[in-house]
Amino acid sequence: MRVSIRTKSNLFLAGLLLLTVIMLSLLILSEVKKEQQSHYENELRRQTNVASLYINQSYALNSNLDNKVFLKSKGQELARQISILSGLPVVLYDMDGGKVGNSFPMDIDNSIISSLPYALKNTVAYKVDGESLYYLAPISNSNVQVAVVEFIYPLKESINFINKIIMIFVYTGSLVFVSSYIIGYIYFNRIVSDILKLKNRIDRIKIGSSKGFEILKRSDELKDLEQGICFMNDRIQVNVKNMELEQEKLRFAVEKLNILEKQQKFFIGNITHEFKTPLTIIRAYVDLIEMYTDDPKLLIDAKKSISKETDRLLEMVEKALHLSSLEKYDFELNAEPIEIMNLLNGICDRVNIKAKKFELTIHRDFKEAYVWADLESVMQIFINIMDNSIKYNKPTGEIFVSNYIDKSNIFVVIRDTGIGIPLELKDKIFEPFYRVDKELSRQTSGIGLGLALVKKLVEMQNGTIELLNVEEKGTAIKISFPVYFKSLQL
């Protein structure tokens with residue numbers, strides 16, 4: 001069920017005023033009760049001191065008597081005299097809890113049995129029962145408790161006073177509530193009326209009507225809201241014109257999609273061309289085998305060539321699919337702290353067998369540091385570059401792998417003594433299907449996708465990759481990653 005803002009504001013105002021009056025009344029009433037309690041506690045404490053002084057003086061005059069004997073013989077007289085001094089009914093108890101004195105002519109029926117044990121343990125205790133307060137206090141002589149005195153304090157006047165205060169609060173609170181509600185209703189009703197006028201204006205704007213609006217006679221936030229609605233209405237007209245600009249942007253986006261489509265066709269054309277060569281070789285050997293089935297040398301050559309071209313096709317497909325998927329999708333990386341020295345050592349050990357096959361030597365110079373990256377991606381980056389350093393190196397050549405830390409980045413440099421790459425091609429080598437020496441790439445099964453894949457993976461780790469200028473023959477590639485934290489820096 002929908003409730004109007006006018007009803008909500010009236011209910012809220014009534015509830016707020018009622019809560020305020022009740023809370024204020026309860027707070028004042030609580031303070032009055034505390035003040036009354038403090039008053040009669042102080043009064044009874046003073047009367048206890050008077051009673052203690054009177055009993056001790058009386059005991060001093062009869063010092064030849066024992067405490068029990070003294071209280072038993074003088075208890076009634078002591079209770080009567082203390083009652084005269086205090087103006088309150090008094091009952092006197094010995095340390096056994098027995099009643100030894102009573103200022104009333106008849107026994108007082110009260111319910112202080114549960115409080116008496118506390119008073120016998122040298123502790124003040126009191127209890128309210130009806131219109132009377134039963135106050136029990138210990139009496140001591142030379143720091144030794146000898147008796148308990150009970151004062152019966154009348155509370156009738158205090159109770160009547162509290163009742164009068166409550167009635168005053170009821171009448172005054174009702175008057176304050178009604179008058180405040182009337183004033184608040186008049187004030188809030190005007191605000192609500194203006195809000196409803198603004199709502200009506202918005203409804204008319206919805207149906208396209210923007211004329212004949214009633215102007216609010218205000219100088220507060222509602223006036224600002226009215227001006228905002230007028231501004232919004234003007235902006236709607238402007239937005240209609242902006243839609244034409246958005247159509248222009250859409251046309252630009254379509255053109256960009258066409259460019260991407262051309263790039264896709266280029267990618268497909270290149271990879272189709274790359275597939276054609278190994279497939280042609282495989283097809284040729286298959287035809288030769290069918291023609292010369294009894295030539296063992298041909299079978300051995302065909303087996304080696306078909307296996308080599310098949311591996312090349314498989315590598316090409318895997319790298320092309322991986323690169324294509326990185327371009328199209330945002331994969332979730334499992335980033336974690338990676339200790340770069342251990343990782344590089346592991347990769348060097350992993351490719352060292354292939355390096356020894358070509359009589360290559362791997363030199364290592366590592367420093368301990370951590371990067372925050374995806375482990376599988378980082379391993380694939382370094383394995384691809386190390387594999388290129390082996391493929392395009394010269395026999396008995398060398399590979400130098402090192403790292404260093406500069407400020408907030410760790411740099412890994414992989415340098416070889418191979419054929420090298422001209423520095424003017426440092427940007428092109430990271431493009432898909434680009435090869436510096438196509439003939440040598442075919443001999444080494446290179447397809448021109450490795451460095452493109454590496455560059456994409458490095459950028460996904462918030463890193464950079466670049467080709468360095470080296471004076472001697474060979475290639476040097478530098479990769480950087482943000483440092484996670486440093487455990488050791490030499």
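Helices here are DSSP runs (H or I, at least four residues), numbered from the N terminus. The model is predicted, so local features need pLDDT of at least 70 and side-chain atom pairs count only at pLDDT 80 or more, while totals for chains, interfaces and linings use all residues. Residues are numbered from 1 along each chain as its sequence is written, and side-chain values use heavy atoms, with hydrogens and water left out.

Among the buried residues of helix 8 are V378, I381, F382, I385 and M386, where buried means under 20% relative accessible area, exposed over 50% and partly exposed in between (1.4 Å probe, protein chains only).

The structure holds 7 aromatic pairs; rings of Phe, Tyr and Trp (its six-membered ring) pair if their centres lie within 6.5 Å, and planes under 30 degrees apart count as stacked, over 60 as edge-to-face and the rest as tilted. Two of the pairs are set out below.

| Pair | Centre to centre | Angle of planes | Kind |
|---|---|---|---|
| Y59 and F70 | 5.2 Å | 80° | edge-to-face |
| Y126 and Y135 | 6.1 Å | 20° | stacked |

Y59 lies in helix 1 (residues 5–61) and F70 in helix 2 (residues 67–86), so that this pair links distant parts of the chain, 11 residues apart, and both Y59 and F70 are buried. Y126, by contrast, counts as partly exposed at 32% relative accessibility, whereas Y135 is buried with a relative accessible area of 4%. Ring pairs also link F177, Y181 and Y185 into a cluster.

Terms used. Helices (H or I, at least four residues) and strands (E, at least two) are DSSP runs, numbered from the N terminus.
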